[in-house]
Amino acid sequence: MARDRRSVLPGFGLTLGFTLSYLSLLVLIPLAGLFVKSASLGFDAFFAAVTSPRALASYRLSFGAAFAAAALNAVFGLVIAWVLVRYRFPGRRLFDALVDLPFALPTAVAGITLTALLAKNGWIGAPLAPLGIEVAYTPLGVTLALVFIGLPFVVRTVQPVLQDLEPELEEAAASLGASRWLTFRRVVFPILWPALTTGFALAFARGVGEYGSVVFISGNLPMRTEIAPLLIVTQLEQYDYAGATGIAVVLLVISFALLLGINALQRWGLKRFAGAAETA
Amino acid sequence: MSAATSSAPWTSAAPPRPVPRAATQDPRWARALLIGTALTFLGLFLVLPLVTVFIEALAKGISAYVEAIREPTALAAIRLTLLVAAISVPLNTLFGIAAAWAIAKFEFRGKSLLITAIDLPLAVSPVVSGLIFVLLFGAQGLLGPWLMAHDIKIIFAVPGILLATTFITFPFVARELIPVMQEQGTEEEEAAVSLGATGWQTFRRVTLPNVRLGLLYGVVLLNARAMGEFGAVSVVSGHIRGLTNTMPLHVEILYNEYQGAAAFAVASLLALLAIATLIAKTVLESRMGKRTRGGHG
């Protein structure tokens, strides 16, 4: 990493050296260890571990529930961001601050609380039970826990874009005779779209790996309500290191792909938004 | 948004008539519908769970609540959580400052790659974060036999919990500080250096006062996660009561033993931490004059 331009400021070597060593020791080398370990399993054992029916069922649940939760969050997160930015009503700032609760509340606390609320004798679960809707210990419960965890990602990525939106754009659309709905659909929504997909992807990525808020509500039945991270824990407890490592590698590779995808989305959003602001 | 609502010229006509809705405002019914939807959703998913923590915690009365928190293994869990935070928070703060200085004040090749690498722990499932340390330091791990021979215990002991927590919370300060320092530019520091200040003096007297709030913001988020981390710590801890149980793990054990009220009592302390974090975050945001920030993950 050569410095391209000389700077008079001191401390470059020291701070970059510390950054790189700390990063390598704490993050890069331990992560590389996972791949070394999985390579030592041999292809057949690795393949068998990651494609066992139980593993496949756990991916289906983890990815399916994370996708459904992220989609729900995209819809409601957009509504919440819109309401918090555009309207004034009593308690708005309180609700705005509260949106970050899922970031701040430890996942285990979220997990036991959602379970208590959604169980058959819980405040929300009890009225649903006579209707034949079971939430706790079903894939629906897993999805709702992931909705809780993912909500701030969508709201907090859409909100700043909405705040920066030039009012002139909407005024121009209105002056040309567009209705509110047409203006939203053709002018506002296209500008929000990159942020919305970024928020969706962030919520999805978080949901795929989430553990604490889900284990309590999922019931953890193999093949039915067992998420992939829990399967790793179970196999580790049974000293099945090959199985745990294999599934961890699958999750890790997908997480990295999502991280790269999200970075690309964010760059696209910046470019799109900068373009839209210029034409305003 | 638009001034047309308040002082439209035609309202001076004698009979007061309803002010027409500006073309850029949503119809009243749409407003009501959207606000209603948003508040119902926030109420069900955020307010209700937060309230439930405290109601469940006090379900068996105040004395049971106090008893659950003063119980020796609960106190040991609280102590361990504070210890872990007291070590991993300063470590990652120091790293965050160093990384932000190198990245924000200098140009070098591979910078964006470095920024992506710093974000890695946010993309990794907490369970996988714990697993990588088990694979390195556990009995079956790459370094396991050597550690065993030297009688060093990392996994199922406090060092493992420290490692996992520090890994998970690694990017928090760096992520907050890098954009703040980038915005500050390098001119003030260059002026200080040209007037003869040493590097340390420049940092302490020029940079730090400018980025103080951003740094504090990062530390608040870092601390909340360090105290609340569950998945990663759960994998490396071994759940030994009074020894390797942090507060979130203690909550899990009580809950699985059907001691609901006690579990929620300890959980309520963590919920108070979350509320304090949100308040600190909101205050810092308004003092920094910054708009709502993106997510962490």
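## Contact between the chains

Two residues are in contact if their C-beta atoms, placed from the backbone, lie within 7 Å. By that criterion, 86 residues of chain A and 88 residues of chain B take part in the contact. Helix α1 (residues 12–39) of chain A supplies the largest share of the chain A side, 14 residues. Helices here are DSSP runs of H or I with at least four residues, strands are runs of E with at least two, and both are numbered from the N terminus.

The chain A side that touches chain B divides into 61 nonpolar, 15 polar and 10 charged residues. Ala, Val, Leu, Ile, Met, Phe, Trp, Tyr, Cys and Pro count as nonpolar; Asp, Glu, Lys and Arg count as charged; the others, Gly among them, count as polar.

## Model and numbering

This is a predicted model, in which local features need pLDDT of at least 70, side-chain atom pairs count only at pLDDT 80 or more, and totals for chains, interfaces and linings use all residues. Residues are numbered from 1 along each chain as its sequence is written, while chains are lettered from A and ligands numbered from 1 in the order in which they are written.

## Chain A

Chain A has 13 helices and 0 strands. Its C-alpha trace spans about 70 × 65 × 30 Å along the principal axes. Of its 280 residues, 48% are buried (20 or more other C-beta atoms within 10 Å of the residue's own, with C-beta atoms placed from the backbone). Among contacts between residues at least 6 apart in sequence, 79% join residues at least 24 apart.

## Domains

Domain bounds come from an automatic or database assignment. In chain A, the assignment gives domain 1 (1–40) and domain 2 (42–279). Their C-alpha centres are 31 Å apart. Domain 1 of chain A brings 4 residues to the contact, and domain 2 of chain A brings 6 residues. The domain 1 side has 2 nonpolar, 1 polar and 1 charged residues.

In chain B, the assignment gives domain 1 (25–57) and domain 2 (61–288). The C-alpha centres of these domains lie 31 Å apart. Their contact takes 5 residues from domain 1 of chain B and 8 residues from domain 2 of chain B. On the domain 1 side, 4 are nonpolar, none is polar and 1 is charged.

Helix α10 (residues 199–228) of chain B spans only 36 Å between its end C-alpha atoms. A straight helix of 30 residues would span 44 Å, taking 1.5 Å times one less than the number of residues.

α10(B) has a kink of about 60° at Leu208(B), shortly before the proline Pro209(B). The bend is the angle between axes fitted to the seven residues ending at a residue and the seven starting there.

Definitions and conventions. A residue is buried if 20 or more other C-beta atoms lie within 10 Å of its own, exposed if 12 or fewer, and partly exposed in between; C-beta atoms are placed from the backbone.
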